[in-house]
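Hi there,

Here is the structure I promised to pass on.

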Amino acid sequence: MSDPLILSLEESRDPRLVGGKAAGLAKLLGAGFAVPGGFCVTTAVYRRCLEEAGIDAVTVWKKALHSSEEQRAQEQARIREVLLAQPWPAGFQADLELRLTNLAYDPSIRWAVRSSATNEDAAEASAAGLFCTTLGRALQEVLPAIRDCWISLWGAHVCQYLLRSGGDPVCPAMAVVIQPMLDARVAGVAYSIHPVTGRTSQVAIDAVPGLASSLVNGEVTPDQYVVEVVGEDLRPLRVRRRILAQKRQKLVVTAEGVQAKWIPSAEQQQSSLSDEELFELARLAKQIEAAFRQPVDLEWVWDAERLWVVQARPITAVRPSQTLTNDECEWTRANFKETMPELPSPLGLSFLERFMDAYIIAPYRRLGCTIPEGLSSVRVLHGRPYLNVTLFYSLVVQLYGNPAFLTEQMGGESVTFTPPVRPLGPLALIRAGFVMMREWRKVKRQGPHNFAAMKQMAETYRPDRIQDLSVQELTETLNNLGRWLDDHEVTFGIAGGVAQSLQAMGTFLPAWLGLDWRELLNASVQGQGTVISAQQIMRLAELVEAARNEPVVQRWFLLESWPANSFRETLAGTEFLRLFERYLVDYGHRAVGESDVMSLRIAEQPEPILALLQTQVRSGETASPREMVLRQAQRRQAALAEITRRFGWRLHRRVVFRWWYRRLCRFCALREANRHHLMYYSTAVRHLLLRLGERMVDQGILTLREEVFYLTLEERTALGEGARRDGKILVRDRREERTRNEALQVPDTVRDWGEIVDQGAQSRSVGTGGDLRGIPISAGVASGPVRIVRSVADWKRVQAGDILVVPVIDPGMAPLFGVAAGLVAEMGGTLSHGAIIAREYGLPVLVNVPYATSLLRENERVQIASSTGTIRRLVP
């Protein structure tokens, strides 16, 4: 039985007879996808024409492959001439015209005639764009278009492609797909995986108005989209990338054929597809991928009625990858904004990257967590550091934690892209538990000794004690301090203890206590007097009390013209000055933005603290230290009593809560003690760096000593060890870059790094409205006027009873907590250092209130309530 000459697309299942393209369309139809009707002129027609001309195609093909280019070109030209001249098989032309008429009875219908070679759209090599496709053919033009497809098989570029790609050298044959043209509103291509990275969670879509022939031929720039898909069902989540092109013309099919039509200027920049259409396309691409059991590249058309698939072929040049990359992760400034200045120094950024990698990420690896090669925990955009929140999401899931608590603990916005994560196996999880227990034992064993050692460092390396050190000695001392930190750092163990306690209590307390469990827990941990950073508030209250009890000090604070910088001479011999000097010894190493070694310490710039004390002395409204302690103790006891009451007779709940409660309090206190003493370490390093800067100025390497902060860790070491490099030029370039960055605004959350970099820093526009909402991290209700505090320069405006509105809760702001009635932050989390201090003091706090410093007005009266997480405008 001879092979059929024409088959319907539904029947076109044998690639040997119908080629790759037709077989792919048959597979799509069999799986229920929308494919325009049509049929296939099989390879039997092509082969019969060659046989009747006396040509052994296989022999000629093999000879051409092994001939010189000139001989090959001559042989291919001869075959093309034969194919153009050879008559059609008997009965074929009439059968073809009948099928065309039956498929589309309208004589004005135009046709798409597409190649379908036996080596086309194969899994090994797609041969995309290699053969002829013609659109908009009239009925009488279909037969010549079939011959065009045939002769394209014998083009010089086909042999070159096969030889270069290692494709099948077996002689291919050509079938042809014929379908009526669709009146395309928009058309394009879609990859079921990312065509560059191979990411299986991203569908790439290119689209143009009208027909897509100019797109697939590379003649126009399309609108380009990337759609994120998530979950086992790979449902569309969001449009991750949207790059719109200017589209001046579109190709449309008319009664005269395919013609170009001008697009109105107002529509040239409009998106070719809506988000709903993009999501539908992404779903379609993933469904076809599942049907083909491999990633696919598909061509699609949207007409006035529906979405059609006109081609689907395997993706051959890209390897599918589920490995997470930096560009698809989500990034937040939340954690870093609390302890770093708006624009950290290059040295500060360099140390931050090393700290995160060595002291946070490396311990996760020791626990057995998988971190993809090349994935970073920190990234810098326009001079601002960002934390990889997607990475930490994956680490939490690997350790069977609840990622829902991630935003609450770290601050920032919730993760929207959740990559597939494989949790640790049972044995690996047990091993991770033992490793974590070793970390906690290290904290208990080394913590107190480490804290004492770091405090001593600040004393050992006071500026007056390091004056005689050379550049080499200063460099070696700094290197030794770095090695000491490598051996003694305990941040991971402490942070892990706090996170574990909060995760555990967040699991059982909602069911045991009800919806207000957070407020009760926050109230129960305040005012214990164990958080060292919060103790300075009591010390400041003692200073205010001392100032009021000494007339000479009180008069000085009440002076209209107040020379703060001469306080030591003016207040010499007073009890206040003795207490203040003692305060500077204990807290003078702290600062706003203190994690950057470039930031001035309180001891170097005490005037803002004195201004804060002046405000309290003048107001006369500050509570005494004893009253503060009593008030906090009452709140704590009331909260604990209410928690116990709600547990009722269930003894096991009391026992479980008490165990985790004591653990949480202990680790929260350790967390702040660790930061407090790390700042002693940072102060010692700062003193050494400034002296090193002076030495480099003497040697002509730098112009000013502070320029040492414009070097990275590696550059500082290299220059200190005598490397030949012009530090002045390096610093000049960094200063210029810093100036440019100061003029830019950046988002607090980056969901698509590539898009942000492409677009530049994003400007923000915010409006005004009614009540605002946030996450409560410390219990209570407070009312008062809004005081917007963006820097230390704003401290002098803070009055008793103010509601502070800040970008983040910097732990260096702790002195303000003794004055304020409440606190609102644009970013923050329950695990932040500032949150722990505020909770300890009992200050009502709401965080994660986007654009609060813009939406709320200076002196506007508001009420914040932690029970509802709302900020209510008292005067709408």
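Below are some notes on a helix pair and a set of strands.

This is a predicted model, in which local features need pLDDT of at least 70 and side-chain atom pairs count only at pLDDT 80 or more, while totals for chains, interfaces and linings use all residues. Residues are numbered from 1 along each chain as its sequence is written, and side-chain values use heavy atoms, with hydrogens and water left out.

The helix pair is α3 (residues 57-65) and α4 (residues 69-85), whose axes lie 9 Å apart at an angle of about 155°. Helices here are DSSP runs of H or I with at least four residues, strands are E runs of at least two, and both are numbered from the N terminus. The axes are lines fitted to C-alpha atoms over the stretch in contact, with angles from 0 to 180 degrees between N-to-C directions. So α3 is roughly antiparallel to α4 (an angle over 145 degrees). On the α3 side, Val60, Ala64 and Leu65 meet Arg72, Glu75, Arg78 and Ile79 of α4, where contact means heavy atoms within 4.5 Å.

Now to the strands. From β21 (residues 803-806), Ile803 and Val805 point one way and Leu804 and Val806 the other, and all are buried (under 20% relative accessible area, with a 1.4 Å probe and protein chains only). β21 pairs in the parallel sense with β20 (residues 781-788) over 3 bridges and with β22 (residues 822-825) over 4 bridges; pairing takes at least two DSSP bridges. Val805 stands opposite Ile788, and Leu804 has Leu823 in β22 as its bridge partner.

Best wishes

How values were computed
Parallel < 35°, antiparallel > 145°, perpendicular 65-115°, else oblique. Buried < 20%, exposed > 50% of the residue type's maximum accessible area, 1.4 Å probe, protein only.
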